[in-house]
Amino acid sequence: MLKFLSKVKIEFNALDPRIASCMEFLAQCNAPKAKESNPSCQVQVKRRTDDHPPQITVTFVNGVEQSYDATSTPAHNIRTMILEKGQYLETEQMFLEAGEKWPVIIPDDELKQPFLGIKPKKAEEKKQ
């Protein structure tokens, strides 16, 4: 997960009962496997003393910053969203390195064409 990030900032008030997601996400960031995937990723923890809700802010390697409300979003979901965005960034980078335009725009007429590589199943085969 950290391989897609340059910075992680986790903010919470230690007395707030809604910090479970922040603590779980912090544990995931501090896991040896995560740290090995990107040792240069900065993980910052800001302990607040006000009523600001728990929040996780990540900066992707391309500089895009994204904040997550940790009161209503489980750490697992935040991790999944980061991985999905990271895979998108990897795909984008792959296309750009190959000299291709990004995003790829597929014309409507091509989207409506039948795909001949797959034979439709016969009614008898579907029943089995």
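These questions and answers walk through a predicted model, strand by strand and residue by residue.

Student: In which sense do strand 1 and strand 2 pair, parallel or antiparallel?
Tutor: Strand 1 covers residues 5–13. Strand 2 covers residues 42–48. Seven bridges link the two strands, and their sense is parallel.

Student: Which residue in strand 2 does asparagine 13 stand opposite?
Tutor: Start from strand 1, where asparagine 13 is found. Strand 1 pairs with strand 2. Opposite asparagine 13 stands arginine 48.

Student: Is asparagine 13 buried or exposed?
Tutor: Its relative accessibility is 12%. The cut-off for buried is under 20%. Asparagine 13 therefore counts as buried.

Student: How many bridges pair strand 1 and strand 3?
Tutor: Strand 3 covers residues 55–60. Lysine 7 stands opposite threonine 59 of strand 3. The sense of the pairing between strand 1 and strand 3 is antiparallel, and the number of bridges is six.

Student: What is the bridge partner of isoleucine 56 in strand 4?
Tutor: Strand 4 covers residues 65–69. Strand 3 and strand 4 pair in the antiparallel sense, over five bridges. Across that pairing, isoleucine 56 has as its partner tyrosine 68.

Student: Which residue takes a positive phi in the hairpin of strand 3 and strand 4?
Tutor: Four residues lie between the two strands of this hairpin. The positive phi is near 95 degrees, and the residue is glycine 63.

Student: Is phenylalanine 60 buried or exposed?
Tutor: Phenylalanine 60 sits in strand 3. Leaving aside neighbours within four places in sequence, its contacts include Phe4, Tyr68, Ile82 and Leu89. Its relative accessibility is 1%, so phenylalanine 60 counts as buried.

Student: What separates the C-alpha atoms of phenylalanine 60 and leucine 89?
Tutor: Along the chain, phenylalanine 60 and leucine 89 are 29 residues apart. Leucine 89 is also in contact with phenylalanine 60. Their C-alpha atoms are separated by 9.0 Å.

Student: Where is isoleucine 78, and what is its relative accessible area?
Tutor: Isoleucine 78 has its place in helix 3, which covers 75–97. Not counting residues up to four places away in sequence, isoleucine 78 touches Ser21, Phe25, Ile56, Tyr68 and Thr73. Isoleucine 78 is buried, with a relative accessible area of 0%.

Student: With which side chain does aspartate 16 make a polar contact?
Tutor: Aspartate 16 is in the loop between strand 1 and helix 1. Aspartate 16 is buried, with a relative accessible area of 12%. A polar contact of 2.8 Å joins its side chain to that of arginine 18.

Student: Why does threonine 71 count as partly exposed?
Tutor: Threonine 71 lies in the loop between strand 4 and helix 3. Buried means under 20%, and exposed means over 50%. Threonine 71 counts as partly exposed because its relative accessibility is 30%.

Student: Which side chain makes a polar contact with the side chain of threonine 71?
Tutor: Not counting residues up to four places away in sequence, threonine 71 touches Arg18, Pro53 and Pro54. The polar contact is at 2.6 Å, and the partner is aspartate 69.

Student: Which helix gives the most to the lining of the largest pocket?
Tutor: The largest pocket holds about 160 Å³ of space. Its lining includes Met1, Gln28 and Arg79. By class, the lining has three nonpolar, two polar and two charged residues. With three residues, the helix that gives the most is helix 2.

Note on methods:
Residues are numbered from 1 along each chain as its sequence is written. This is a predicted model: local features need pLDDT of at least 70, side-chain atom pairs count only at pLDDT 80 or more; totals for chains, interfaces and linings use all residues. Side-chain values use heavy atoms; hydrogens and water are left out. On a 1 Å grid over the protein atoms alone, a cavity is a set of points where a 1.4 Å probe fits but cannot get out, and a pocket is an open set with protein on both sides within 12 Å along at least five of seven lines; lining residues have an atom within 4 Å of a point. Grid points are joined across faces, edges and corners, and a volume is the space filled by probe spheres set on the points. Ala, Val, Leu, Ile, Met, Phe, Trp, Tyr, Cys and Pro count as nonpolar, Asp, Glu, Lys and Arg as charged, and the others, Gly among them, as polar. Two strands pair if DSSP finds at least two bridges between them. Buried means under 20% relative accessible area, exposed over 50%, partly exposed in between (1.4 Å probe, protein chains only). Contact means heavy atoms within 4.5 Å. A polar contact is a pair of N or O atoms within 3.5 Å; within protein, one must be able to donate a hydrogen and the other to accept it, and residues adjacent in sequence count only if both atoms are side-chain atoms.
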